[in-house]
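Take a first look at the chain below. Follow the text with the structure beside you.

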Amino acid sequence: MQEKEALISSPCSFAGVKPIMMDLPYPPMQVKEKNLAYAQMLSFDYCGSVSEMTAIAQYINNENRLFCERCPLAKTILGIAMAEMIHLQKLGELIHLLGGSIDFLAKHQNGRKSMWTPEYLTIPGNARNMLLADIESEKAAINQYRMHEKMIRDPHINAVLERIVKDEEYHILILRTLLNELAAS
């Protein structure tokens, strides 16, 4: 007699999860001219300590730790991570158009480079603190994008950054709603 293999299945199906973002188009991906200084600045948004790469890793880590006990919350977190992946892709396009290189190095003006590291992540122990950390990360990203908009004199780049900011603001709204739902349960 042959024994049946015991399987352990995921309690949460992620089928149909879509990026959670504003229902607005992105501006055309174009720049006025090649500009390595702008490319270096955007490298921080791409893979610095406050960056899309950090956001993606943090959201995916949170989703992985939540999916067993809090499936709906995990699905929402995954949808936000998917939007951050789109932001990373848009920034990569801009960096390329500006003449920069697409890698995991944030390039400082003094020539120093820093490699993206998981040390940039905040990994709290419970769902409430995860949401609070995610809200703070979104606020920090918005502040950094706003600072870069002031420094970049290319309306095409700034239009893309402003569109990304709209998603980040929307993410804060969603995360605050999730936090309130968590507190009420």
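The link of C12 and C71 is right-handed, with 75 degrees about the S-S bond. Their sulfur atoms sit 1.9 Å apart. The structure holds 1 disulfide. The pair joins distant parts of the chain, 59 residues apart: C12 belongs to the segment before α1, and C71 to helix α3.

This is a predicted model, in which local features need pLDDT of at least 70 and side-chain atom pairs count only at pLDDT 80 or more, while totals for chains, interfaces and linings use all residues. Residues are numbered from 1 along each chain as its sequence is written, and side-chain values use heavy atoms, with hydrogens and water left out.

**Overall build**

The chain has 5 helices and 2 strands. Both kinds of element are DSSP runs numbered from the N terminus: helices are H or I with at least four residues, strands are E with at least two. What order do they follow along the sequence? The pattern reads α-α-α-β-β-α-α. Along its principal axes, the C-alpha trace spans about 70 × 45 × 30 Å.

Contact here means heavy atoms within 4.5 Å. Take the contacts in the chain with a separation of 6 or more: residues 24 or more positions apart account for 80% of them.

**Surface and charge**

The accessible surface of the chain comes to about 10300 Å². Carbon and sulfur atoms own 56% of that surface. The areas come from the Shrake-Rupley method with a 1.4 Å probe, and for residues only the protein chains shown count as cover.

Now count the charges. There are 19 positive and 22 negative side chains. Lys and Arg count as positive, Asp and Glu as negative, while His and the chain ends are not counted. Each charge is placed at NZ of Lys, CZ of Arg, CG of Asp or CD of Glu. The centres of the two sets lie 3 Å apart.

**Buried or exposed?**

A residue is buried under 20% relative accessible area, exposed over 50%, and partly exposed in between (1.4 Å probe, protein chains only). Of the 185 residues in the chain, 48% are buried. Here are some examples.

| Residue | Relative accessible area | Class |
|---|---|---|
| C47 | 1% | buried |
| C12 | 5% | buried |
| M41 | 11% | buried |
| L78 | 15% | buried |
| C71 | 16% | buried |
| N64 | 44% | partly exposed |
| G16 | 60% | exposed |

Why does C12 count as buried? Its relative accessible area is 5%, and the cut-off for buried is under 20%.

**The core**

In soluble globular proteins, nonpolar side chains tend to be buried together. A nonpolar core is a set of buried Ala, Val, Leu, Ile, Met, Phe, Trp, Tyr and Cys residues joined through side-chain atoms within 4.5 Å. In this chain, the largest nonpolar core has 48 residues. L42, L131, I157 and L175 have the most contacts inside it. Five helices each supply at least two residues of this core: α1 (36-47), α2 (52-66), α3 (71-97), α4 (127-151) and α5 (155-184). Which helix gives the largest share? Helix α5 does, with 11 residues.

L131 is then in contact with L73, I77, L175, L178, L179 and L182.

Start with M41 in helix α1. Beyond its neighbours within four places in sequence, M41 touches H148, M151 and I152. M41 and I152 are 111 residues apart in sequence, yet their C-alpha atoms are 8.8 Å apart in space.

Next comes L78, in helix α3. L78 and A159 are 81 residues apart along the chain, and 26 Å separates their C-alpha atoms.

Then find N64 in helix α2. From N64 to L179 is 115 residues in sequence and 18 Å in space, C-alpha to C-alpha.

Finish with G16, in the segment before α1. G16 and N158 are 142 residues apart in sequence, and their C-alpha atoms are 32 Å apart.

Conventions
Disulfide = S-S within 2.5 Å.
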